[in-house]
Amino acid sequence: MIYKYVLDNKIRVVFEQNKHFNSATVGVWVGVGSRDEVKENNGIAHMIEHMLFKGTKTRTASDIAISTAVLGGNLNAYTSKECTSFYCKTLREYILEAIDIIGDMICNPLLDENDLKKEKGVVCEEIDMYNDSAEDYVHEYLQMKVWKNHPLGFLISGEKKIVRKFTRDDLIDFMSNHYVGENIVISVAGNFDKEQVLNQIEKSFSDLRPTPKDITKVQKRTAPVYTPVHIERKQDIEQIHLNIAFEIPSFVDEVRYEFTIINAILGGDVNSRLFQKIREDRGLTYNICSYGSAFSDTGLFHIYGALNPNQLERVMKLIKGIIADLVKKGITKEEFENAKKQVITEMTLNQDNTVNLMNSNAKSIMFYNKIYTFKDSMKAINDVTIESVNKCIRDYLVIDKMSVAIAGKVQ
């Protein structure tokens, strides 16, 4: 059963209860990410995520680490371009304690200056790690360039010269305008007592203000403009890392289901056209796949490959040929039917994981303000037709509008 509530301070709460699980997962989603920043504070949402683990008024960082280890060691967090999530999967009997810990981290953080100084070093190391990774570079910098100076193209971790300037007051100010009730969704899924959990959520999160302290400091989200680009970075590594992108609609657009099918057929698994024709038939890449980066008002469809530099020209020609063939001839009936089965199987298996259920419900409430149930998703997938998939392929996989990022021993 799914239940929805709204707390007095405007926090939206969603429960999905299932007594057959041994576990429960709580997730606190805050509707803020790197696209809500400006150049001068890019990376601050990510820094706050790090700092909330560094202690509260009643718990040290060590206390948090020890407590969560006892709960199963599954307290974690991440920052994306559009949201920040804190979540914990644990046993039914420990879910109240998990909620209390996350609530304490978000509502009562110390944000100590000495901890901040140390964490800046950690984040700068993280930035260096991503910069050294050609695989990350071709994804992140491609997005940065196709959206030019729009915040959706900002690096989530920010740049070192900006990160080093953050102060405690900067973090407090940013939190006071984004970590507010109307911008938060709390999702719990699995085996738990809903009355006890709701009471604990109210107790742990009631101190949060409902609205921003200063609305003028809340960056209004605007839709980015896609510009095709071709970028290269020479790097002394053995492989070339290739990322190709096409602009596609947002994840709130109804054709998102068509792209789930397209991804399965083009590069989503080992039975896909890209994998079979480029890796299996010719052995030209170590890895070749496709995936989506969808957001609330736009999206990108990516093709990624890791290969020997000598094979780049041939692989690029093959990828373009596979896409051109899809555009010209469309997908086959067999491919379509197999992809539907594959997608439905994956979605069904995801129902067996409380983390997946929590994430799905949190995303539905945050971005749609309604629940898309498993039955809704199944119906939507079953309603997809071969004609609608082929139309999306023709409309969006346009070679002349594709972007390319390459890193490695570029010739």
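His46 is found in helix 1 (residues 44–51), where helices (H or I, at least four residues) and strands (E, at least two) are DSSP runs numbered from the N terminus. The model is a predicted one, in which local features need pLDDT of at least 70 and side-chain atom pairs count only at pLDDT 80 or more, while totals for chains, interfaces and linings use all residues. Residues are numbered from 1 along each chain as its sequence is written, and side-chain values use heavy atoms, with hydrogens and water left out.

With a relative accessible area of 5%, His46 is buried; that word stands for under 20% relative accessible area, exposed for over 50%, and partly exposed for what lies in between (1.4 Å probe, protein chains only). When its neighbours within four places in sequence are set aside, His46 is in contact (heavy atoms within 4.5 Å) with Glu37, Thr79, Val123, Glu126, Ile156 and Ser157.

We turn now to charge pairing. Side chains of opposite charge can pair when their charged atoms come close. Across the whole structure, a search finds 19 salt bridges, each being a side-chain nitrogen of Lys or Arg within 4 Å of a carboxyl oxygen of Asp or Glu.

One of these joins Asp115 to Lys118, with 3.8 Å between the closest N and O atoms. Because the two residues are three apart in helix 4 (residues 113–132), about one helical turn separates Asp115 from Lys118.

Which parts of the chain does the salt bridge between Asp325 and Arg273 tie together? The side chains of Asp325 and Arg273 meet at 3.2 Å, N to O. Asp325 lies in helix 11 (residues 312–329) and Arg273 in helix 10 (residues 273–280), so the pair ties together parts that are 52 residues apart in sequence. Arg273 counts as buried at 10% relative accessibility, and Asp325 as partly exposed at 26%.

Asp325 also forms a salt bridge with Lys329, the closest N and O atoms being 3.3 Å apart. Lys329 itself counts as exposed, at 63% relative accessibility.

Finally, a network of salt bridges links Arg35, Asp36, Glu82, Arg221 and Asp297.
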